[in-house]
Amino acid sequence: MKKKLFGLLVVCMLILLATLFWGYYQVQKFARTPLAISQETLFKLPAGTGRVALEGLLVRDKLMTHSYYFPWLLQIEPELANFKAGTYRITPGMTVRQFLELLKSGKEAQFTVRFIEGTRLQDWMQILAASPSLKQNVANKSEAEIAKMLGLPEGRSLEGWLYPDTYHYTAGNSDEMLLKRAYSRMNKEVDEIWQGREKNLPYKTPEELVTMASIIEKETGVGEERGKVASVFINRLRIGMRLQTDPTVIYGLGNAYNGNLTRRDLLQPTAYNTYVISGLPPTPIAMPSRASLEAAAHPDKTSYLYFVADGKGGHVFTTNLQSHNQAVRDYLQVLREKNGK
């Protein structure tokens, strides 16, 4: 009798072990199952979401069908249940376990926004407004209101004082936060460059240096020319000669500029028209790069007073009006040849 009971007990134990092993195998098989996605997807996990609620979200978003094994997986491996709220980027082929490990890691999806050298504040506002998953705090606010939000000192223009670069953020971060980072970076760069600038430059304030750098930025995209361009404008400032630079005219025209700068535009008086006003315009006209800031602080030592495009992507620099006029004629000839005339 005892032998029969013992044998029955052994059989029951074997059945139980086999059942447990089979169940464990099925749970692990489920954990290796890929999520039901065919393209990269963002998944938002709200704060306070528990195990049951998470399963509901996965079923709701059709990332997986309702599975008997999901709660068992979290029971067997409770460390996978320590998920953190946030927005996560999930990719095709990601398994259930990999997904849970991602939620556990707290490594939220990273978004990027890129601001290019020479762009203006209005360009930045458009880029921010179109950026995904970014909280909009500065939309529809005036420049003065945004400057106050960022903590700019009174009288400093927001134009020119945001550092162009690529910035990373996570879902729910605000445009205000990105602009604060860009302003802090520019403020730091300008302070460093201002402290190390050459002596006897015709700038009284860091603001004037940034304004000059913004003009340099708009006048050339050729890195090695920046120092020469800076020297032309500084030489002009020193002798009281007007800067006469087209980008300032275009900036002063605002939305009235249609892409074609006319002689009438050059004669139209605005606070930024350096064909009309003397000295620097009242504010920067774009966001300058570090290279342009350096050029404004360390210009080449030249006697140049003029420059004009050479038709090949660069410029011809000259010291007198006669040579400049010849360079202009040469440039017009290059254009005629390009147009087949």
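Lys-301 is exposed, with a relative accessible area of 72%, where exposed denotes over 50%, buried under 20% and partly exposed the range in between (1.4 Å probe, protein chains only). The model is predicted, so that local features need pLDDT of at least 70 and side-chain atom pairs count only at pLDDT 80 or more, whereas totals for chains, interfaces and linings use all residues. Residues are numbered from 1 along each chain as its sequence is written, and side-chain values use heavy atoms, with hydrogens and water left out.

The side chain of Lys-301 meets that of Glu-198 in a salt bridge of 3.4 Å, N to O, a salt bridge being a side-chain nitrogen of Lys or Arg within 4 Å of a carboxyl oxygen of Asp or Glu. Because Glu-198 lies in the loop between H7 and H8 and Lys-301 in the loop between H12 and strand E5 (306–309), the pair ties together parts that are 103 residues apart in sequence; helices (H or I, at least four residues) and strands (E, at least two) are DSSP runs, numbered from the N terminus. Glu-198 is partly exposed, at 25% relative accessible area.

The structure holds twelve salt bridges. Among them, Glu-207 pairs with Arg-156, with the closest N and O atoms 2.8 Å apart; Glu-207 belongs to helix H8 (residues 206–219) and Arg-156 to the loop between helix H6 (143–150) and strand E4 (166–170), 51 residues apart. Glu-192 and Arg-290 form a further salt bridge, at 3.1 Å from N to O, which links helix H7 (residues 175–195) to helix H12 across 98 residues. Both residues belong to a salt-bridge network that also includes Asp-165, Arg-185, Glu-189 and Glu-294.
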